[in-house]
Amino acid sequence: MSANQNNNHDRQRHAKNAPYDSSTSNENSHSYQPRKLTSIAGYALLLSSASFVLVGCQSTSMPSSAAGSAIDFNIANTADSQAQGRAFNDSLTAIAKRHEQLFDQDKYPNTDNQAKSHLLAAIRQHLATEHVAVAQASYQAVPFIDADSIDAGSSSLLRTIIETYGYGLEHSDSEYDDSTSDESDDSESSYDESGYNSEGLSKSKYSEEERKAIAAMVKLHATDLIENMEEDEDLVFGEDGFNGYGYNKDGYHRQDYDSNTTEEYELAESAAVAAVLDEAGENEELAYNDYDEYEEEGSDNDNRGGILAGMSDLKLKNLAKNYEAMQMAKQQPKPLNEKNTPIAATGVIGQMLSMFHRTPEQIAATNAYQYQNLTFNSVSQYKPKQRQLQSVYSYDYMAPTISSSIQIPLAFDFNNSSITVDPSAIMPIVALAKPENTPLPNQMASHTVSFGLPESITTQLPSAVIYDAAIAAIQSSMAELAPEHFSAVDIRDDQFAKEVGANRAVKVYFGSQQSGEMIGKTLKYMTRSLQDYVDANPNKYPDGAMLKAALDKLALYNKGYQSADVGSLLQLIEAVGPISFNQTNYYYLDSSDRLLAKQQRMNIGGDLLGSTTTVLNQIRYDKASFNRHILTPLLAESFGADAKPAIDGNAWIATQRQQKDRLQTARYARYDYSYSSSEDDSDSRDDDSSREEYSDVYPNSDVKEDTDRRSEDK
């Protein structure tokens, strides 16, 4: 059967079955279409869910109220439109209010802002009211890196750079010494026991030009060689006129008479002299030429390298190699039985740094024998209206076998621009320096001395103005610190909080960044306050006044930086410097935001020292602690109402200065007297010699009498 017949037969068969197939296909298409739509919807839902998961969002169903508040612009009903508009405005108001609650910390402060506001209110009240304070500081040292830390056994970057640099210097010098000794050994091996070269004098190891230069130098220094030839047998000239090295008194070698001309000798001599002068630094023309070439090369290098041209001097590759070699040397075992112990792997600089580095055993001994028995105590009385601060500081060491205390009363009076101090603690030191100016204790009318600023300074800028500017600047600067630096702490288990009866506590952290920011803000606020004071007194500070010009210049420089830049600078110093410091303050308040106490924890240390010293200072502001303290009677005796008037320190300094001026005047008077006496002696000697000359030339008695008369007139 042909292919055409088969195709026709198939078409007829399909044509007969067409009604049945079409009905079946229609049913299948109707049943397949819902399944297809369901699968498409599932895929869309899966893709949307995956996209939300990938972007970090979570899909939530829209509230019914929000859905109902949407405006339908297809409806022309006025009432419905107004209701939808009101619902839309209410939704906008709710969203704005929620956003305000999240970010407006003035109306809706978070925990940090609440702690900050409580603390600022307490500090303002504290500085404005009269109060007393009792403080005690204790000390504790710990290793800079804990033994369980991942950084244990690692050095700081600064110490690593210093040790690596010192290691490179040490070993570069030792390599140079080794190479020099090797060369000397090689040169000595080429000579026999008699000191002569085994190859003979006639076979010189120098080239022709070098030999001529040596000959010229020998001729140039022939006189010194001849004078010292007895010290070296090889310099003794023989019967033939040549010494043991083959040179004669004129500096020529015995071979020179056979192969060289006089002109060549002159050229060699001039070349040798130029070489000698060049070594002595006298050949300036050559030196300048070399400098010009070096300068040109340097300019080319600068042009090629640009701003990073100086980095080539650091030799980072050599630094890395030296570091690796130093670390390998540290791992080598140390010799035990050698008399002369070699220098450590880190060199002399590393040994010096190791001397400052404290071991854990040294730190434990310091704590046990020093810090546990050492305290720094003080009592103070603050009077804001009088701008006075009176204190007694005591440095106490109380051990079971020994006790000592150094007490220094100190008072500041900003209204009178004076400072009062008890100099008893420093009198022994002053007596060692100037015993003639140091009074004895029984010679002093009072045990306190008062010093005041000169009137020339106080008339220009009173200290009370500086005090007010500083107090206001500190408060304003602290108010500008970020709220995250203030945090409320849980004091339920705080023993110190229970002792002072606090209801809440606020923690303020001052690292290098915050400390620098406070310094920058305080400086700017003080500058502004002093400028306001100067501007408010134009008669006292006219245009061109020194103080006004200085403040204007300082304000100009203050515009060139931000306060945070000072903190960044301190962070940089802390990062590359040998010391790190941070400070944490805990302020204890009562329910009415009154400051009851303060606890200050300061950490000072660094890797070069190998330890961190913690200073814990606890300050109480209650009257009961002040009244029962042992230093309070000394404070009343020094600055109380019944205290003896302080000695005028300015008058004492003026008396000492006048006495010094009188001694200096007397010393100059003695110098003048001695000088005039020497002149009179010289004049009398000249007169005697002149009389002798006159008497020898003119033996007449009248001339002699005239000479005597003139000398008497003088």
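Helices (H or I, at least four residues) and strands (E, at least two) are taken as DSSP runs, numbered from the N terminus. The model is predicted, and for that reason local features are reported at pLDDT of at least 70 and side-chain atom pairs count only at pLDDT 80 or more, whereas totals for chains, interfaces and linings use all residues. Residues are numbered from 1 along each chain as its sequence is written, and side-chain values use heavy atoms, with hydrogens and water left out.

Helices α5 (111-128) and α17 (463-479) each supply at least two residues of the lining of the second largest cavity, a cavity being a set of points, on a 1 Å grid over the protein atoms alone, where a 1.4 Å probe fits but cannot get out, and lining residues being those with an atom within 4 Å of a point. This cavity has a volume of about 30 Å³, given as the space filled by probe spheres set on grid points that are joined across faces, edges and corners. The lining consists of L120, I123, R124, Q475 and M478, with the largest contribution, three residues, coming from α5. By class it divides into three nonpolar, one polar and one charged residue, where Ala, Val, Leu, Ile, Met, Phe, Trp, Tyr, Cys and Pro count as nonpolar, Asp, Glu, Lys and Arg as charged, and the others, Gly among them, as polar.

The largest pocket (an open set of points with protein on both sides within 12 Å along at least five of seven lines) has a volume of about 1200 Å³. Of the 39 residues that line this pocket, H126, L127, K598, I619 and Y621 lie nearest its centre, and strand β1 (residues 131-143) provides the largest share of the lining, with six residues. The lining comprises 25 nonpolar, 12 polar and two charged residues.

D468 is partly exposed at 36% relative accessibility, as is R387 at 22%, with buried meaning under 20% relative accessible area, exposed over 50% and partly exposed in between (1.4 Å probe, protein chains only).

A further salt bridge joins the side chains of R504 and D593 (2.7 Å, N to O). Because R504 lies in strand β8 (residues 504-510) and D593 in the loop between β9 (580-589) and β10 (595-606), this pair ties together parts that are 89 residues apart in sequence. R504 is partly exposed at 28% relative accessibility, whereas D593 is buried at 14%. E517 and K521, by contrast, both lie in helix α19 (residues 512-536), four residues apart, about one turn of the helix, and their closest N and O atoms are 3.9 Å apart. E480, E517 and K521 are linked in a network of salt bridges.

Most residues other than glycine have a negative phi. R387 has a positive phi of about 55° although it is not a glycine, and S417, in the loop between β4 (403-413) and β5 (418-421), likewise has a positive phi, near 55°. S417 is buried, at 10% relative accessibility.

Conventions
A salt bridge is a side-chain nitrogen of Lys or Arg within 4 Å of a carboxyl oxygen of Asp or Glu.
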